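The following paragraphs lead the reader through a structure, one chain at a time and then across the interface. Please keep the sequence and the model in view while reading.

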Amino acid sequence: MTTDTSPAAPSPAPPPSAEAEPGKEPNLLQEILSGSWLVSVLAIVAALVLGGVLIAVSNAEVVEAAKNIFAAPGSFFSTLFSTVGDAYSALFRGAVFDWNARTTERAIRPLTESLVSGTPLILTGLGIALAFRSGLFNIGGQGQVILGATIAGYLGYALHLPPVVHMLIAAIGGIIGGAIWAGIAGVLKARTGANEVIVTIMLNSIAGYLLGYLLKQNWFTHTTSANPQSRTLDDSSHMFMLLPSPFRLHFGFIIAILATIFVWWLLERSTIGFEFKAVGANPHAARTAGISVSKVTILVMIVAGALAGLGGAAQVLGTEFKLTGGISGSIGFDAITVALLGRSKPLGTFLAGLLFGAFKAGGYLMQSQTGTPIDIVLVVQSVIVLLIAAPPLVRSIFRLPAPALKRKES
Amino acid sequence: MKKLVSAVSIAAASALVLSACGSGDSGDSKAEDFLGCMVSDSGGWDDQSFNQSGREGMQAAVDNLGIEESLAESQGDADFKPNVDNMIQQGCNLTFGVGFLLEDAIQEAAEANTDLNFALIDSTFSDADGNPVTIDNAKPLVFNTAEAAYLAGYVAAASSESGKVGTFGGIQIPSVTIFMDGFADGVKKYNEENKKDVKLLGWDKEKQDGSFSGDFENQGQGQALTKQLISQGADVIMPVAGPVGLGAAAAAKEAKDVKLIWVDSDGYESTEYGDIILTSVVKQIANAVEDTIGEAQDGNFSSEPYVGTLENEGVGLAPYHEFKDEVPEDVKKKVEELKKKIIDGSLTVDSESTPK
């Protein structure tokens, strides 16, 4: 969230012309993206420590023990450590390996659950990372996910096709949905200079209400249910499972791996990707070098939206199998965090997506077994982002010189 | 885990002490084994609506029946299945899902775990085409709030000085529009009996169309909608939108002589706006939850849907509190009479959304 306002921070000081604006944004972006990997790791550690403090404060037993801290300091610290330890061990058991589980399958299932939760975050995060690298703040992941899920879901129950073919067609529908939605913002930015942050945020709202409207129309939902939800998707449209029953890991995860490789190839090996990065690094120089900035802007948004739309498709075809108003959850916004944590690199985004998927999967167990509020997990996530985004933000606000060696990375 | 173990041992110890006192209550030995669980929808436990009421029912069961509880709050629709799955892994004897959005998650879990029991608040189970189905180990808890809203509609029409009453909903779903249907019929009944023409703004029962704020969160939207209704002349307003109703209350308080009809809980007690709340259409979710847990604990769980009605006091009209003296005696009498008629079946309140 903190990053939303960041482009605005440096701009009020000088009275810039409309032309100078776009050059300003990538500067800050570059600073955020050029931080070292160590910063990411330290941010996670610091956030876990801070989360531990919050877990302790929100726990009645610890608070009770704290009242007698001078009389019985030993019992205070043992309560403190066992409470925080229990919460984090539940988080780990829910996310990686559950040594308390009744069966072996159940013991290893948490890891696959983390992958399931991470899949849409990786796909959407890649879309946002790609836009970041090209100097565009794509805050519209949410809307693109919704459109992708809506079209993929609709094709999933409205058409009746053989397995695999059906899934592919529905997934392609999702890609097109997301691409169109982000493409609108791309075209507006390229043709009229409309700020993509504002346009994509507004498109989020439009997508949400559009889905809300569609779910009330019986011609769309294909069901007589009066509740705003669609018919269940045909089995043939489901992303097939990679493992048997208790596991939910689906083909979408393979797609996420392939998409990560695709984005890496696009950015590092292809000509068009070079143009993307050139525009991201310095649009004026790119224009002088003969690159069409407006073409690149539109293309970047279309590819970014396609990835986010695929994320929405994976969610509805792989885990939910039904369209509801809340199908997108907070994927679109979490994905911004994922992209930032991953330094907008494909592999980094992939790993950050897995980490956030693990937080999500672990959060379920932590909440239900230790009674720790689910908000703590969100606080930990938010603190990570805050700490990652803070050093360059602080530097830019106080006009401190950026560390000289960091510049070359992007 | 340690906490649970210690809590269980405390419960066991207290059970021993109690039986030593000679109470000989056979329920205690079962109580410590019973784990009741509940999964919220994205409204969370403090939504001033069904999640909160469900949570209160669970708390009451912990206090009165001595069960263990486990709760999970969902942040989005993707959380339902994992949360319900976690409950199953913990071996919850009875798992509640709150709200129609959890229908699929609960239904799937119930079909896969026939040894455990499940319950769904505010919705029944249905197949892919929307036709109702029965699942042997899952109980729907639904509420025919139209009956109580009918009485509220009558009182509202009788109390209106401007000849206009209003209502609006959060989202157009059956559990919301059922209130509005009953309210509309109550107003109509008043007009028929008294040859009056009190108008209802914000809901057209025939067309099943009206005013909705769009969610159960945005109080500002509730305030704006209420101001609109007031400017059109409504002086008794029933917001059916959970916490959005607080926005309506703020708008009503600002305008003079506008009264509210609260829903779900008795607004006189649950909100700070007791002085403008004429009465409330109460939906006793908490009692239904506690009763269902009690039945399951005694081994009497059934998949028979629980339907809250005026008859079983699952729904009802709250006291008039500060408006006790302002509501005329003959209106109060008439409401009691209508209530009796509804209970004995000589008067039926129809709604498309009536739970079947």
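Chain A contains 16 helices and 0 strands, where helices (H or I, at least four residues) and strands (E, at least two) are DSSP runs numbered from the N terminus. The model is a predicted one, in which local features need pLDDT of at least 70, side-chain atom pairs count only at pLDDT 80 or more, and totals for chains, interfaces and linings use all residues. Residues are numbered from 1 along each chain as its sequence is written, while chains are lettered from A and ligands numbered from 1 in the order in which they are written. Of the 410 residues in chain A, 52% are buried, that is, have 20 or more other C-beta atoms, placed from the backbone, within 10 Å of their own.

Chain B holds an open sheet of 6 strands, ordered 2-1-3-4-5-13, with parallel pairing; two strands pair if DSSP finds at least two bridges between them. Strand 2 (68-72) and strand 13 (306-308) of chain B stand at the edges with a single partner strand each, so one side of each lacks a neighbour in the sheet. Strand 13 of chain B is joined to strand 5 (residues 138-143) of chain B by 3 bridges, and B:Val142 has B:Val307 as its bridge partner there.

The two chains also meet: 29 residues of chain A are in contact with 27 residues of chain B, contact meaning C-beta atoms, placed from the backbone, within 7 Å. Helix 15 of chain A gives the largest share of chain A's side, 6 residues.

Notes
A residue is buried if 20 or more other C-beta atoms lie within 10 Å of its own, exposed if 12 or fewer, and partly exposed in between; C-beta atoms are placed from the backbone.
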